[in-house]
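Here is a short tour to read alongside the model. Keep the viewer open and follow the headings in order.

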Amino acid sequence: MTEQIKSPVTDDRKAATGTDEEFELIAAQAALDEERLPREQRNRLRALRRRERKAKWSVARSLLKHLMIIAVAAVMIYPLLWMVVSSLRPTDVIFREPGLFLQTFQWENYAEGWTALSHPFGHFMLNSAIVVLGSIIGNLVSCSMAAYAFARLEFRFKGLFFAIMLMTIMLPIHVIIVPQYIMFSQLGWVNTFLPLIVPKLLATDAFFIFLMVQFIRGIPRDIDEAARIDGAGHPRIFLQVILPLMVPALATTTIFTFIWTWSDFFSSLIYLTDPDMFTVPVALRAFVDATSESNWGALFAMSIVTLLPVFIAFVLGQKFLVKGIATTGMK
Amino acid sequence: MSALGELSRLKTSPGRGKTKIKIKHKDNKAAYWFLLPWLVGLVAITIGPMFMSLYLSFTDYNLLQAPVWSGFENIVRMMEDARLHNSLKVTFIYVLVGVPLQLALALGVAMLLDRGMRGLAIYRSIFYLPSLLGSSVAIAVLWKQIFGTSGLVNQFLAMVGIQGPGWISDPNTALGTLILLNVWTFGSPMIIFLAALRQVPVMYYEASSIDGASKFRQFITITLPMISPIIFFNLVLQVIGAFQSFTQAFIVSGGKGGPSDSTMFFTLYLYQQGFGRFDMGYASAIAWLLVVIVGAFTAINFLASKYWVFYDD
């Protein structure tokens, strides 16, 4: 009995040692055979071997790859980290300390920067928030309506309109800014938020129309057909069927609009000259102009304050940002 | 797929649905209601002002008095305006040096990040963040410090005993710092490259490595041709974007385009003429020159693409 039980074990061992020998044998045979193989196959066999050998190095190579990436990332991100740290340092230290080590936290820069201009910085942030909110609502409503028409409806001049819409994405804003300024100033809109918000209500950010068209095209048409058979018209299909299904595209639009409008300097520079109406970018610029070299700490602090909302939007909305870029390819 | 792809496809399939024209227009009424805001915007905010600015290009207009027709005076002035020519030169250098560098880095890093590596999401975020922040005033402020006479860069150089110049106050290096800022925002083309690299079928690489192709050979003969439409797409977009850069040059140079006009971007010059001196007629003419140049560059890109962009379908 014991013999019978043991023997498979020893057999196993034999088999285990046997495999090594067998392997060697096969390898030797293969080496012999290789000489007889046609050249093409021989090359393949060698390539396979090379790959096996390479596998050993793959750990080392992946480590090297990570090191390279980390090096690039560190160089890129260092200035940002340094700005954050420097905003907590006295100004004279900013100009002689390139490191990231912080001995004491000094929040004075923030307090000083916050009240450095004619209004506290919160005032400008509120202005920006109003413009951003108006722009988001404008883009969401007007672009989704246009996108529904382009993606789902058949109408005269559709091809032409669609081509025009795509071309306006690439049109430099500078070519229309002069007459636009003249028009808005005649309407008495200079130093109001209207020139910054009204164009968004009229779907001039065609990029988002395109993004939403792409998204709606991916929604199966059967769903609208079913709603139509139930007697729904286009407004209802749009509001109750399509809109709820395109929430991811709406989220992407919201985040991009938020970030772009929050940082948009050019339009604010042109339309807002009254400090009372300043948005964050022009307020920061006014701060740059007002400070000499002496107040960099406060300037850095307010720069961080203006970047913070963008950073938060980035962290919360990363998934939508990456998807939005990958499918439509824009900043 | 992309906006550019859509445009070229529209061009290549004219009158696709002519036979079913009656069915095609069935939604006319509803469609125009849905398009109403966009149509109003197109006419009032985009196309109307475009024609208006074309008209203003041939006038003398200072906002206070009505525009006075001046014929080709603005165009003659543009031909003689040395500062304008300089601003063109500055902008061309910025675009022709900055964009290729940015795209090369974007592709390089995207290749390193390709295919399921550990920590991919974190790396991607770190590289992408600067593109989101790059056009803001705050980053321009940071740049102004970093490349200042006693800025971060020179502090590091001092550690190894080098006395660096004031990068921003030196006309020879000021534009370089702005190009670097553009390169720093390589994250968004990188993400587009990442998506494109994933589309290349793995079997191509497997087949070629069995045939003994080196990594470099694979890059030249598989990767580059397969992603060439995306390289093209990124190139067109980044060139158009770079021509319109404004904020960074404005902040870094304090709105003056200095030192000695070395960072006087085309757009900055336009701003100075239009909104500094309220010379609206001349500013309109300059703006149209920008459109012509950007249009010409895009057209050249499209024409040249025939020779190097490879479409798989």
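## Chain B at a glance

Chain B of this predicted model has 15 helices and 2 strands; these elements are DSSP runs numbered from the N terminus, with helices (H or I) of at least four residues and strands (E) of at least two. Along the principal axes, the C-alpha atoms of chain B fill a box of roughly 80 × 75 × 35 Å. Of the 313 residues in chain B, 41% are buried. A buried residue has 20 or more other C-beta atoms within 10 Å of its own, an exposed one has 12 or fewer, and a partly exposed one falls in between, with C-beta atoms placed from the backbone.

Contacts here mean two residues whose C-beta atoms, placed from the backbone, lie within 7 Å. Taking the contacts in chain B between residues at least 6 apart in sequence, 69% join residues at least 24 apart.

## Numbering and confidence

Residues are numbered from 1 along each chain as its sequence is written, while chains are lettered from A and ligands numbered from 1 in the order in which they are written. As this is a predicted model, local features need pLDDT of at least 70 and side-chain atom pairs count only at pLDDT 80 or more, whereas totals for chains, interfaces and linings use all residues.

The predictor's confidence in each residue is its pLDDT, from 0 to 100. Chain A averages a pLDDT of 83, and 83% of its residues score at least 70. Do take care with residues 1–19 of chain A: pLDDT stays under 50 there, and the model has 0 contacts beyond four places in sequence for them.

Start with helix H5 (residues 82–113) and helix H10 (residues 187–199) of chain B, whose axes are 8 Å apart at an angle of about 45°. Axes are lines fitted to C-alpha atoms, for helices over the stretch in contact, and angles run from 0 to 180 degrees between N-to-C directions. H5(B) and H10(B) are therefore oblique to each other; angles under 35 degrees count as roughly parallel, over 145 as roughly antiparallel, 65 to 115 as roughly perpendicular and the rest as oblique. The crossing of H5(B) with H10(B) is right-handed, a term for the near helix being turned clockwise from the far one by less than a right angle. Among the residues making this contact are Leu103(B) and Leu107(B) of H5(B), and Phe193(B) and Leu197(B) of H10(B).

Helix H4 (residues 73–80) and helix H15 (residues 280–308) of chain B cross at roughly 70°, and their axes come within 10 Å. That makes H4(B) roughly perpendicular to H15(B). This crossing of H4(B) and H15(B) is right-handed. Asn74(B), Ile75(B), Arg77(B) and Met78(B) in H4(B) meet residues of H15(B) including Tyr282(B) and Leu289(B).

Which residues of helix H9 (residues 174–184) of chain B are buried? They are Ala174(B), Leu175(B), Thr177(B), Leu178(B), Leu181(B), Asn182(B) and Val183(B). The buried residues of H9(B) pack against H5, helix H7 (137–146), helix H12 (215–243) and helix H13 (247–252) of chain B.

Ser125(B) lies in helix H6 (residues 120–133) of chain B and counts as partly exposed because it has 16 C-beta neighbours inside 10 Å. Ser125(B) and Ile191(B) are 66 residues apart in sequence, yet 9.7 Å apart in space, C-alpha to C-alpha.

## Where the chains meet

The contact between the chains takes 80 residues from chain B and 74 residues from chain A. On the side of chain B that touches chain A, helix H3 (residues 28–56) of chain B gives the most, with 17 residues.
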